[in-house]
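Thanks for coming. I will go through one structure this morning, piece by piece, and finish with the parts to read with care.

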Amino acid sequence: MINLVYNEMLKIVRKKRLFIISAIIAVLVGLFTYAQYKHVQDVQKRLGTTDWRTQLQQQIIDTQNRLNSSGISEEWRKFLKIRLQQQQYYLDHNINPSAPGAPTFMRMFVENSIELFLPLMVMVVVADLVSSEASGGTMKLLLTRPVKRWKILLSKYIAMGVSISFIMLALVVLSYAISGAVFGYGGWNLPLLTGFTVQGEELNTANVHLIPQWKYLLIELGLASFVAIVVGTLTFMLSVIMRSTAAVMGIMLAALISGAILSNMVSSWESAKYLFMVNLRLTDYISGAAPPIAGMTLGFSIGVLAVWGLVALIVSFFVFITRDVY
Amino acid sequence: MTDTLVVQNLRKTIGKKEIIKGLSFSLREGEVFGFLGPNGAGKTTTIRMLVGLIKPTSGRVSICGYDLQRQFADAIRHVGCIVENPELYPYLSGWENLEHFARMLPSFSKERLQEVVHLVGLQHRIHDRVRTYSLGMRQRLGIAQALLGQPKVLILDEPTNGLDPVGIREMREFIRLLAEKEKLSVLVSSHLLSEIQLMCDRVAIMAKGEIIRIDDVETLLKEQARVYWKVDSLERAKNILANETTVLETDGMLVTGYEASQLAVWNEKLVQAGIRVSEIQPKLPTLEDLFIELTGGETID
Amino acid sequence: MKAVASMRRFFLSCLIRFIIVPWKQRKGDSVKINSVKIIAILSVLASILWGYGLVAMVQDQFFHPAASAPLKNVAKTKNDHALHLVALGDSLTRGTGDETGKGYVGYLVDDLRTKTKQPLQVTNLAVKGLRSKELVEQLKQPEIQRQLKQADLVCLTIGGNDLFQGGESLRNFSPQRIKQTEHAYLQNLETIFRTIRTANSQAIVFYISLYNPFQQLNNGQITSKIVRQWNYDSAEVAARYPNIIAVPTYDLFELHTNEYLYSDQFHPNKEGYKLIGERVSALITFAKGEGK
């Protein structure tokens, strides 16, 4: 088995995909670091202070004003209200949620990339894992070895897991190294609040507790890798079913982007919560943002994603083992 | 001689259409077996069933005594194959490709890799990327990977497809060498009779999913070969030859069966009768002729 | 249990194959770096980290005891020598109606910057539609308290939404209801001033009083009377506290009401805000202000 996995890793590495992805991450992190740096400077200039409490208070007031203006949608209003309560909570407890530093940047980067960017990167690697063998004709060689088909597919799946892990590692290392050059490398022990639960329009703070940023980050990375694995598994299934890598990418892209759009507008379509793409923002539950559809919780979303992933896995193995190769 | 590959009553149905209609044949050790048929006769489907890429609807394939369905790994270990074009990973070098496939075998050694590389004569370019290889080199690399596991049966689908004349000859010689020296059973499919004739010991002719005939190549050819006579007096010559054998007339030429020992005798008779013979032309049957002959006028589609 | 055992075997064979064997081979072979192996090893190690993250998530999110962690207080930092301006109140302080978004606070700050080189820190805490009662609530928040403590100057507009209630109250007003509203408002105003003074006894507070946006409507006479009374009573409250100055605006809008009003006929426009800003600015002189 280890030989098979090695084979798959060799192919992935030789296709240079992992390096391209690392390069993309590096460029994006650079861009975001610069943007964040500019933003911080701008805020300081506008308020004439570096005191985060003043900045946070100003954000709260801005949010309140937005809440009071007419013509904002009900969902948005709800979202703002919850954010307001949260910001107020941070303020009341003297915690700066956006203290500068590479770990904070990393955390924000992970939170913002979990829905689209990370799945996209995963897709780039996984989309052609099986379909390229089918379209390139090497599938015939692969399947006429004295190795059972399920073992071949399993080795590919393990290689997928390893690649995803590598992508995450690249994300973490690059965002830490690059943003740290600007914001400094400290801030691992910054206390952060978690355990918010949203009930209707109210923020339930009964379970709120402090954890150090490194742990918070670790939790978010765990969730991100879970999301990446699920998205990877779905892409994997499509890759098994279809010969054309472009078709695989197209379908996944459509699903992911529609997920990003849907999350903003499905609050009235309740059964949409069973779609995998609106459940990708797992880190929102940790930071306490409102879910796109009322009644969604961390456990629910993990459950939905796990079911999707499991079904995709079963389908891909079933199809791969029983299919005739022409 | 023992049978290495035995096929019994192999069938494949897709939807309601029966594509392969009950094939049975077997390969002996050290022989080259030809699989002859026009495109669409079911050669490729059959070969894919032999190597486990397609599951037969019914029937049985056994390789060196192992059932392909039930003991896949044991059975397929004795088979090396190239199905259609030898498609390898273009972004890896030839050596890495071989290593890749070798790692999928139960055991492998660097020595065996070197051995097959030498066998196909690729030692100079083996560390280049496959992307830079010519078709002939890819074909040879394909054979190298098929031979890696020291198989008893080698299955090659259209091995000379796309090769230049020199390449075709090399390939032919190579295949013969494998059968004679290494005692491999080689199954070669082709839609060119000339190729089969030069390479194979036995041949199975397929059309529309059925094997019409299995026989030694020589027997088959002898039966079907023709001799064309060009003479100045068609009517008289026809009468004379008709006494000896069956004669047909086409395009101002006479056609008789091919009997090597008798040709000179017939010619002598014609000359003695004062008929001037300007051409005696033995002709191998075309595949088309063979089919028309064997299927009784059924055309190739 | 079997799964665990096979997992362990897998990791062991990983270890042997990827680390120990290559390490031994390196002695004989030339040093050839195998990027595939390095990537694989790093990734497998990293995946342990992600796995731990998931475990930590489950522990933290699903099985966390409901005890709330102790939150420590951070020492308060009174910022340097900058002049702190805190603006409180409703949409007027926010600047609604001014297309540049500055509002009178913006123009005031612009003016002050020409008068002094001292750095100026502005915190605008105004919320659109705020009523006196809500301001009382807002002032209770610790962060607002903290801001107030640091303030050197405080600007405040309040009462507009109490009195006009989006224009309704004055259109079909009853003297009885106005009286009630005003009574409640004055009490709140008292509380507001007291809170500010308690938090910061030094800062100069500018209470900007109301103008009458409905001056030119048919019952302008009556509404003007109400607004005048309202302003007078508010000024009375302000007068009870040291350094709380009621700044009139009624006169600014009296003559050319429509020229200074925004298209909603309620909020000032850019010109209107400029007038208010200039008026407040005129009250601040730095020879005195800097002395404290």
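Let me start where two chains meet. In this predicted model, 21 residues of chain A are in contact with 26 residues of chain B. On the chain A side, two helices, α1 (2-14) and α8 (138-143), each supply at least two of the residues that touch chain B. Which element gives the largest share of that side? It is α1(A), with seven residues. By class, the chain A side has eight nonpolar, six polar and seven charged residues.

Now to chain B itself.

One is an open sheet of six strands in chain B, and its order is β6-β7-β8-β3-β9-β10. The pairing in this sheet is mixed. As a reminder, strands of a sheet pair through backbone hydrogen bonds, either parallel or antiparallel.

β6(B) runs parallel to β7, residues 153-157 of chain B, and four bridges join the two. To find the pairing on your screen, pick Cys81(B): its bridge partner in β7(B) is Ile155(B).

Helix α5 of chain B, residues 135-147, touches β6 and β7 of chain B, and its direction makes about 160° with that of β6(B). Helix α6 of chain B, residues 165-181, touches β3 (32-36), β7 and β8 (185-190) of chain B. The direction of α6(B) makes about 155° with that of β8(B).

The other sheet in chain B is open too, with four strands in the order β12-β13-β11-β14. Its pairing is antiparallel. Here the edge strands are β12 (248-250) and β14 (277-283) of chain B, each pairing on one side only. From one strand to the next, the twist averages 25°.

Within this sheet, β11 (residues 226-231) and β13 (residues 253-257) of chain B pair in the antiparallel sense over four bridges. One residue to look up is Arg226(B), whose bridge partner in β13(B) is Gly257(B).

Helices pack here as well. α9 of chain B, residues 234-244, touches β11, β12 and β13 of chain B, and its direction makes about 10° with that of β13(B). Helix α10 of chain B, residues 263-272, lies across β11 and β14 of chain B, running at about 160° to β14(B).

Last, confidence. The model scores ipTM 0.78 and pTM 0.71. Chain C averages a pLDDT of 77, and 78% of its residues score at least 70. Where in chain C is the pLDDT below 50? One such stretch is residues 22-32 of chain C, which has three contacts in the model beyond near neighbours in sequence. Another is residues 66-79 of chain C, where pLDDT stays under 50. For that stretch the model has 18 contacts beyond four places in sequence.

Key: Residues are numbered from 1 along each chain as its sequence is written. Chains are lettered from A and ligands numbered from 1 in the order in which they are written. This is a predicted model: local features need pLDDT of at least 70, side-chain atom pairs count only at pLDDT 80 or more; totals for chains, interfaces and linings use all residues. Two strands pair if DSSP finds at least two bridges between them. Two residues are in contact if their C-beta atoms, placed from the backbone, lie within 7 Å. Axes are lines fitted to C-alpha atoms, for helices over the stretch in contact, and angles run from 0 to 180 degrees between N-to-C directions. Ala, Val, Leu, Ile, Met, Phe, Trp, Tyr, Cys and Pro count as nonpolar, Asp, Glu, Lys and Arg as charged, and the others, Gly among them, as polar. pLDDT is the predictor's confidence in each residue, from 0 to 100.
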